[in-house]
Each structure stands twice: as C-alpha cells, then as structure tokens.
Amino acid sequence: MADDDPLQAPRMLIPLIVAIAFLMEQLDVTIVTTAIPDMARALHTTAVHMSLAVSAYILTLAVFIPLSGWCADRFGTRRVFTAALAVFTFGSALCGMADSLAMLVATRVLQGLGGAMMTPVGRLILLRSFPRTQLVRAMTYTTLPAIVGPVIGPLLGGYLTTYLSWRWIFYINLPFGLIGMLLAYRFVTPLPAKDVPPFDLAGFTLFGVGVGLLQLSMEGVGHLPWVALTTLAAIAVGLVLGFAWRGRAQEHPAVDLGLLRERAFAIATMAGGLCRVAMNAPVYLLPLLLQLGLGMSPVASGSLTFLSAFGAPLIRVVVGPALRHLGFRSLLIGSALACSAMLASFALIGPQTSHLRIAAVIVLFGLVRSTQFMTSNTLAYADVEPWRLSRATSLGGLLQQLTVSFGVSFGAALLGLFAPNRLAPALSTFHAVFFTLAGLPLLALPGFARLRRTDGAIVSGHRI
C-alpha cells in the first residue's frame with residue numbers, strides 16, 4: 001500500500017498504537033538493570049562490564065534521534081514507524097538469544113536504533129493526526145507509559161529473572177511489537193513524504209562517533225590503560241568540537257548546538273545535565289547494590305527499586321506552586337543540594353538497614369530526582385522562541401538521553417576504578433561510588449546560581 005494512499009482510521013486507536021511503542025521503549029530502559037547479575041553469570045562476564053548492555057541501548061537512542069524526524073519527512077511517518085517497530089522487535093528477539101556480551105551489546109544497539117525512531121516519530125504521528133483541541137486528550141494516553149514503564153520495569157524484570165529467565169525480559173516485547181506493527185500499518189493514516197533538505201550526514205557522523213568514543217572511554221576506566229583512555233577521550237572531544245565548529249556554517253545542521261547560546265536553555269541542559277548524570281547512575285547501581293552488596297534476589301531488588309518512580313505523578317502537581325513561590329533559581333539550587341544528600345544516603349545502607357528504611361530512602365530519592373528533572377526540563381524551553389522550539393525539543397531530548405547513558409557509564413567507571421580486580425564489587429565499593437556521585441550535583445551549583453530572576457519567569461509565574 002503506498003504511503004500516500006488515503007485511509008480513514010478510528011482516531012482514538014492511534015494514541016494506543018503509539019503508546020505500545022512508548023511502553024516498550026520505557027520498559028527496556030529499566031527492566032534490564034534488575035537482571036544484570038544473572039545476565040553476567042550466564043554470559044561469563046562481570047556485572048561491571050554488563051553496563052555496556054545498558055548504555056549501548058540508551059546511547060543509540062540518543063544518537064539516532066536527530067535522524068528520526070528527517071526520515072519521517074522523507075519516507076512517510078507510517079512507513080518509518082512500522083519499520084522502527086519491526087527493528088525493535090527483531091532486536092529484542094536477538095537480545096534474548098545472545099550467548100555472549102559482544103552479541104548482547106550488538107543486538108542492544110539494534111534495539112536502540114528501533115527505539116530512536118519509534119518514540120519521536122510516534123509523537124509526530126500524534127501531532128499530525130489530531131487538531132490542537134483534541135491533542136491533550138490524545139497525549140494523555142501516550143504519557144501513561146512514561147509513568148507506568150519505569151514503575152513496572154524493575155518489578156517485572158525481577159519477577160521474570162527469578163521465576164523464568166533473564167531472556168524473557170526481551171522476549172516479552174515480541175507480542176507487543178507484532179501487535180503494534182499490524183495495528184500501525186492498518187490504522188495509522190499514511191501521510192505523503194515531503195521534499196526535505198539533504199541530511200547532514202557528515203555532521204551526524206562526527207557527533208555520533210564523538211559521543212560514542214567518549215562513552216567508550218568512560219566504560220574503559222579501570223579496564224584499559226590510561227594512555228588508551230586519554231587518547232580515546234581526546235579524539236572524542238576533538239570530534240564533538242569539530243562538529244560544533246562545522247555546524248556554525250550549516251543551514252540545517254544535524255544537531256543545532258547554537259541553542260546553547262540561549263541562556264536559560266544552556267543552564268538547564270548543561271548544569272542540569274550534571275545533576276542528571278549523577279541521578280541516572282543509580283538506575284544501574286542500585287539493583288547491583290541490593291543484589292551484590294546485600295544479597296537480595298532479583299525480585300526483592302525489583303520490588304524496592306520500582307518505588308523510585310512513584311514520585312513523578314506527585315511532583316507534577318507540586319512543581320508548579322513551588323516555582324511560583326521560589327522561582328527557578330532557588331528551586332534548582334535546593335533540588336541539587338537535595339540530590340547530593342540523597343546520593344550520599346545510599347552510601348549509608350548496610351546489612352543491618354531494614355527494608356522499610358531502604359524503601360523510604362528510595363521513595364525520597366525518586367521525589368528529589370523528579371523535582372530536579374521536571375524543573376530543569378521546564379526551564380529549558382521557557383524562553384525559547386516559538387520558531388526554534390522544534391529544534392530545542394530535539395536537542396533537549398538528545399541531551400537527556402545522553403545523560404542517562406553517561407550516568408550508567410560513569411557509575412560503571414567508578415565501580416571499575418574502585419574495584420578493578422574484583423569480579424563482584426564489595427559493599428564498601430558501592431558506598432565509595434555513591435559518596436563520589438554525591439559530589440557531582442554540587443558542581444552544577446555555580447551554573448544554577450547564574451540564573452536571573454527574569455529567567456523563565458513567564459512560565460513560572462514567580463514575582464520579579
């Protein structure tokens with residue numbers, strides 16, 4: 001069926017179809033971490049090295065986001081969305097069949113490629129399928145997976161790993177993917193492809209290879225010689241700087257770094273990014289602390305770590321009034337200090353710590369994490385001019401994904417640095433890692449302190 005053939009579709013099925021893709025992508029960010037110790041044993045590697053299976057997926061998501069919009073315009077949204085579901089589903093099947101770490105990482109990259117196309121193109125399908133008056137209702141269906149996915153991911157991962165096999169955390173995607181593909185091809189209205197400018201392939205390659213090498217250098221801390229690490233890092237920085245310099249002369253760069261000249265956007269994404277890296281590291285570290293450090297089963301670990309996602313719905317209600325009373329500057333500084341305190345609190349967890357106290361710490365961590373993320377997200381787009389908003393959301397989404405990837409890699413790097421010769425890090429190693437991470441949000445304080453009372457005031461409603 002041609003991509004420009006007319007097709008009438010029951011409109012309310014479209015958000016549900018897109019929600020399937022969103023749910024799979026959200027689940028795969030969190031469901032894997034609970035199974036890491038079991039996967040490491042099955043693949044004859046260490047839990048520290050298994051961070052590659054997490055970060056490779058998230059990094060691929062981030063790097064290929066700029067390509068998704070161009071592909072949707074060039075080849076048609078329905079065609080790209082259906083193909084993305086197929087790639088993600090096929091990648092999931094291969095992940096479940098992996099018999100080595102190298103194969104798992106390669107198939108996670110394939111999964112990430114599908115995920116990078118699914119969610120941005122799915123959001124684009126919604127924007128093009130509904131009038132503005134109905135968009136809020138449609139978006140409600142697709143934002144639910146963003147809340148539900150992180151909640152059920154650790155719990156589902158722990159259950160499947162404990163009672164079936166870690167391979168089922170990937171096989172569970174297969175029925176959802178197949179149903180999503182059939183529904184998307186049948187019910188998503190095909191829109192005609194557009195004439196678009198040539199894609200900035202050279203810039204995209206410079207950026208992708210640069211951030212990939214930067215992450216690889218972090219993953220190698222504690223495992224590779226320092227000469228190799230510094231060489232990798234220097235090449236990575238050079239490639240990214242080359243991309244930034246080249247992009248200044250491009251009318252349609254793959255990633256518009258010129259947005260970083262916008263004051264509020266730059267502070268929210270760069271200073272906020274430091275907090276994000278620190279607060280995303282526990283996505284990888286916390287299940288390992290509970291399983292390797294305290295000896296919990298995957299299902300017990302998952303039943304605790306999933307509590308961190310409960311703060312998001314509450315914070316959505318609280319952040320608005322807090323911004324009106326405090327403003328962005330005070331709330332971001334306060335939440336950064338709270339982030340540091342919560343990361344340090346994980347270093348106080350030991351064998352004698354009750355499960356109730358651990359649960360309370362994790363819930364508080366989720367509240368603080370959601371406050372910091374939501375506040376910096378809001379500030380990032382508060383003062384961006386309407387004509388640059390699409391580029392800002394693309395760059396902001398890319399940088400957010402990178403902070404998840406870098407957070408996992410940085411946490412693994414610290415584990416490798418503090419326990420380079422141990423197959424299973426000791427509890428004291430985890431304590432040292434969390435104390436070190438607690439210093440990272442403090443580095444964001446000078447950036448947040450530079451905010452003016454006028455920054456984001458039109459959105460916060462704070463009195464100037």
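1. In which helix is Ser301 found? Ser301 lies in helix H13, which covers residues 298–305, where helices (H or I, at least four residues) and strands (E, at least two) are DSSP runs numbered from the N terminus.

2. The model is a predicted one, in which local features need pLDDT of at least 70 and side-chain atom pairs count only at pLDDT 80 or more, while totals for chains, interfaces and linings use all residues. Residues are numbered from 1 along each chain as its sequence is written, and side-chain values use heavy atoms, with hydrogens and water left out.

3. With a relative accessible area of 0%, Ser301 is buried, the term being used for values under 20% with a 1.4 Å probe and protein chains only. Setting aside neighbours within four places in sequence, Ser301 is in contact (heavy atoms within 4.5 Å) with Thr34, Pro287, Leu290, Gln291 and Met296.

4. Ser376 belongs to helix H15, residues 355–382, and counts as buried because its relative accessibility is 1%. The side chain of Ser376 reaches the backbone oxygen of Gln372 at 3.0 Å, and, when residues up to four places away in sequence are not counted, Ser376 touches Ala268, Arg276 and Leu332.

5. For the protein chain as a whole, there are 19 helices and zero strands, and 55% of the 464 residues count as buried. Of the contacts with a separation of 6 or more, 84% are between residues 24 or more positions apart.

6. The accessible surface of the protein chain, computed by the Shrake-Rupley method with a 1.4 Å probe, comes to about 19,600 Å², and 68% of that surface belongs to carbon and sulfur atoms.

Technical notes: Buried means under 20% relative accessible area, exposed over 50%, partly exposed in between (1.4 Å probe, protein chains only). A polar contact is a pair of N or O atoms within 3.5 Å; within protein, one must be able to donate a hydrogen and the other to accept it, and residues adjacent in sequence count only if both atoms are side-chain atoms.
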